[in-house]
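The structure comes first, then the details.

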Amino acid sequence: MAELALIFVGSVLVNNFVLVRFLGICPFLGVSREIDTAMGMGMATTFVLVLSGVATWLLDYYILAPFGLPFLQNVAFILIIASLVQLVEMFLQKTSPALYRALGIFLPLITTNCAILGLAILTVQRDYTLIQTIVFALGAGVGFTLALTMMAGIRQQLQFADIPKPLEGAGIALIIAGLMSMAFMGFSGMIAM
Amino acid sequence: MANTVLVSLVSMGTVGALFGAGLAWASRKFAVESDARVDDIEEILPGANCGACGYPGCRGFAEAVVAGAVPCDGCPVSSSEAAALIGEVMGVTIDSNSERLVAIVHCGGGHKEAKEKADYVGITDCRAAAIVSDGSKGCEYGCLGLASCVKACPFDAMSMGPNGLPIVDEDKCTACGLCVAACPRDLISLAPVNKVVHVLCRSFGRGREVRGNCTVGCIGCRACERACEFDAIHVTDFLAEINYANCTNCGECVAKCPTNSIIIQGDQVTVAVEQTVSEQISEGARAN
């Protein structure tokens, strides 16, 4: 139990996917203009992270490892993630239009998010069990949402700031991302992972 | 070695085929019947997703049209031809006699004309300036000049002129009305594109007050009302306003206006240039 808690805290704060591992930078900069959309994107990503984490774990455990095909990991994971997200999108559109409207636009974007593939590869590298994988994915998702929401909050405030002309837009966003990343680096060493 | 190749081919092939079949099955099983007309209408719409219709983007509008919630010509941005095409999709005919509108800014008090009462260095947004100090101009009705309307325009049809007043590019303007809503002073309205006579003032102040603040403000003298033969211009609360339905672009009121607050569009630039030239000449004369 303590180990699971460590994995969770570790993936939320210490090894935050966005700010420490630099995975999923694209939505971090692209979908962080408003807190609402950032939250939506975070939720959707968390959802896909857990789902694809489980799916890739199953694939690795029952197919790739027994047949001795670890070199196929990347290809197989991408295949699984892409089809899974498609499936989920269709399923949501049919069964829950409300949820689809909330997450729908983000789902295709998430398919190509490197955080998802990164999680799949990390879990295999660390020989996590299924439960550990789920907790790890959940933590990664929460960490991603946290980073995105914080960024969105800062950027909303930033609209009223007097930013030097050449730094407007992407420039200042990258500087903020760097500062936030440095702040999160302060957690490193708290938990050895 | 050959064994590994075979195993990977078979296993990946099976997984791929399984997922492919799963997706194919799901696409049939979870298919959502979407009305083909929605796609057709979305195709016709401008696709700027400006939201001027009040729906979330062009697709939202298309869905609303199909659902019958809005009329086919409900898109304020589309041309009348586009509305007719949408009508065709929906199987109704649209009478397209509605005239194209463009935005017009009813303030002529630029840097030279309007007196400044203070320097404003706060957030560069008209709404913010209006709240803080009623803006930097002496005139409490005039353009704040911080370009909120320009920022609101999704069609790049507005820009700030050298005199600190926004300029509307009539070719690009689609009359979506976003600038009208953005202006805290309510200075922008939509007028038919073929009407060229406009009152460039929205000041309800009395003559004395207006004259003190601005050289081109409407003082409510009613000279235009008397000059107009078509009952197209009326002064209420010390402000002239044109009824574009009656206006014939004759320009009588423009000639009679003592403060030049009524203009014929297109002549504006030449007037400004003439003024500068005459100023330069007089300045030159003084220097001599």
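Which residues of α7(A) are buried? They are A:Ala115, A:Ile116, A:Leu119, A:Ala120, A:Leu122, A:Thr123 and A:Val124. The model is predicted, and every value here is computed from it.

**Helix α7 of chain A**

Helix α7(A) covers residues 114–125, twelve residues in total. From its first C-alpha to its last, α7(A) reaches 16 Å. That is close to the 16 Å expected at 1.5 Å a residue. Just after α7(A), A:Asp127 takes a positive phi of about 55°.

What covers the buried residues of α7(A)? The cover includes α3 (35–67), α4 (73–95), α6 (106–111) and α8 of chain A.

**Two helix pairs**

Two packed helices are described by the angle between their axes and the distance between the axes. One pair from each chain is set out below.

| Pair | Axes come within | Crossing angle | Handedness |
|---|---|---|---|
| α3(A) and α7(A) | 9 Å | roughly 40° | right-handed |
| α2(B) and α3(B) | 8 Å | roughly 130° | right-handed |

Take the chain A pair. The axes of α3(A) and α7(A) cross at roughly 40°. These two helices are therefore oblique to each other. On the α3(A) side, the contact uses A:Thr45, A:Val48, A:Leu49, A:Ser52, A:Gly53, A:Thr56, A:Trp57 and A:Asp60. On the α7(A) side, the partners are A:Ala115, A:Ile116, A:Leu119, A:Ala120, A:Thr123 and A:Val124. By class, this contact has eight nonpolar, five polar and one charged residues.

Now the chain B pair. Helix α2(B) spans residues 36–44, and helix α3(B) spans residues 57–67. Their axes cross at roughly 130°. That angle makes α2(B) oblique to α3(B). From α2(B) come B:Arg37, B:Val38, B:Ile41 and B:Glu42. They meet B:Cys58, B:Arg59, B:Ala62, B:Glu63, B:Val65 and B:Val66 in α3(B). What classes of residue make up the contact of α2(B) with α3(B)? There are six nonpolar, no polar and four charged residues.

**Helix α1 of chain A**

Helix α1(A) covers residues 2–14. Its buried residues are A:Ile7, A:Gly10, A:Ser11, A:Val12, A:Leu13 and A:Val14. They pack against α8(A), residues 130–158. Helix α8(A) also takes part in covering the buried residues of α7(A).

Chain A has nine helices and zero strands. From the N terminus on, its elements run α-α-α-α-α-α-α-α-α. Of its 193 residues, 38% are buried. Among contacts in chain A with a separation of 6 or more, 80% involve residues 24 or more positions apart.

Chain B has eleven helices and eight strands. Of its 288 residues, 30% count as buried. Among contacts in chain B between residues at least 6 apart in sequence, 56% join residues at least 24 apart.

**Where the chains meet**

How many residues of chain B are in contact with chain A? The count is 14, and they touch 14 residues of chain A. The chain B side of this contact divides into nine nonpolar, five polar and no charged residues.

How values were computed:
Residues numbered from 1 in each chain as written. Chains lettered and ligands numbered in written order. Predicted model: local features only at pLDDT ≥ 70, side-chain atom pairs only at ≥ 80, totals over all residues. Axes fitted to C-alpha atoms, helices over the stretch in contact; angles between N-to-C directions. Helix = DSSP H or I, 4+ residues; strand = E, 2+ residues; numbered from the N terminus. Parallel < 35°, antiparallel > 145°, perpendicular 65-115°, else oblique. Left-handed = near helix turned anticlockwise from the far one by under 90°. Contact = placed C-beta atoms within 7 Å. Nonpolar A, V, L, I, M, F, W, Y, C, P; charged D, E, K, R; others polar. Buried ≥ 20, exposed ≤ 12 C-beta atoms within 10 Å, placed from the backbone. Expected span 1.5 Å × (residues − 1).
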